Amino acid sequence: MRCGLYGRVRQISFVQAAPQIAPGQVIGLATGTPTSTSVPITWQADTVGTPPISYRIEYKRAADSAWSLDTTQFGTGRTVTGLQAGTAYQFRVRAENAAGAGAYSDVVSATTATPVIAPSAPRNLAYTSPFLGTINLAWDEPSVGSQPITYSVYYRQGTTGSYSLWGETTSLSASLTGQPSSQTNSYYVTARNSAGTSPASNVVTRPAS
């Protein structure tokens, strides 16, 4: 009878885990079309490091020196929000995993859009009547409003009734012909852009002669 000291010994093998590799530098960082408060950015997935790999997204105003963290995520696209309108920004991204962090990407820049503001009323409408039946109107541009602005000119022949649209112009003046001098004629102008239409300007009236 064999002693238990000489019993069968079970052989145990060990498989060494592959070493973790830190990511490389993020490449292909690019910006999309900004809005007034956001900028979309995209980049290429890291092919160097060991998954899982996350990405640290940072941004700053171009005039500043300190970077701010936007977020850390696993995807390769992000829209950075909460930005100031009409402002130049810079962006950078780096890849990270359990083994460390890669180098930051090249910095890319984008300027947020300036929001379109509806115009206020055209100012200081005035008229001259150099020829019989002709009215020359001139006005100043609105004190508020984004360009480009189109002006609509309205007229009324007589002292009652509704106004009619004479036409539109991008200039600060208009010359109307066929305006009978035998009756009172009144005029006003409005301004519009892609954000909306202004209130009416002051009304000018040429009395009958």
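**Figure 1. A salt bridge between E96 and R94.** In this predicted model, E96 and R94 make a salt bridge, and their closest N and O atoms sit 2.9 Å apart. How accessible are the two partners? E96 is buried, with a relative accessible area of 18%; that value falls under the 20% cut-off, so E96 gets the buried label. R94 comes out as partly exposed, at 22% relative accessibility.

**Figure 2. R192 and E168, a salt bridge across distant parts of the chain.** Here the side chains of R192 and E168 meet, with 2.9 Å from N to O. Which strands does this pair link? R192 belongs to strand β14 (residues 185–193) and E168 to strand β12 (residues 164–169), with the two residues 24 apart in the chain. R192 counts as partly exposed at 32% relative accessibility. E168 is also in the partly exposed class, at 44%.

**Figure 3. R61 meets D64.** This close-up shows another salt bridge, this time between R61 and D64, with 2.9 Å between the closest N and O atoms. R61 has a relative accessible area of 34%, which makes it partly exposed. For D64 the figure is 31%, and D64 is partly exposed too. If you're keeping a tally, the structure holds six salt bridges.

**Figure 4. The charged network of R56, E58 and R92.** Which residues are joined into one network? R56, E58 and R92 are, through salt bridges that share partners.

**Figure 5. An open sheet built from β9, β10 and β13.** The three strands of this open sheet run in the order β9-β10-β13, and the pairing is antiparallel. Which strands sit at the edges? Those are β9 and β13 (173–176), each of which pairs on one side only. On average, neighbouring strands here are turned by 15 degrees against each other, if you ignore direction.

**Figure 6. Zooming in on the β9 and β10 pairing.** How many bridges hold this antiparallel pair together in the DSSP sense? β9 and β10 pair over four bridges.

**Figure 7. N124 and its positive phi.** N124 lies in strand β9, which covers residues 123–128. What stands out in its backbone is phi: the angle is near 60 degrees, a positive value in a residue other than glycine. Is N124 buried or exposed? At 51% relative accessibility, N124 counts as exposed, because the cut-off for that label is over 50%.

**Figure 8. The cis peptide bond at P51 and P52.** P51 and P52 are joined by a cis peptide bond, with omega about 0 degrees. Where does P52 lie? You'll find P52 in the loop between β2 (39–42) and β3 (54–61).

**Figure 9. The cis peptide bond from Q147 to P148.** Here the bond running from Q147 to P148 is cis, and its omega is near 0 degrees. P148 is in the loop that connects β10 (135–140) and β11 (150–157).

Note on methods. Residues are numbered from 1 along each chain as its sequence is written. This is a predicted model: local features need pLDDT of at least 70, side-chain atom pairs count only at pLDDT 80 or more; totals for chains, interfaces and linings use all residues. Side-chain values use heavy atoms; hydrogens and water are left out. Buried means under 20% relative accessible area, exposed over 50%, partly exposed in between (1.4 Å probe, protein chains only). A salt bridge is a side-chain nitrogen of Lys or Arg within 4 Å of a carboxyl oxygen of Asp or Glu. Two strands pair if DSSP finds at least two bridges between them. Axes are lines fitted to C-alpha atoms, for helices over the stretch in contact, and angles run from 0 to 180 degrees between N-to-C directions.
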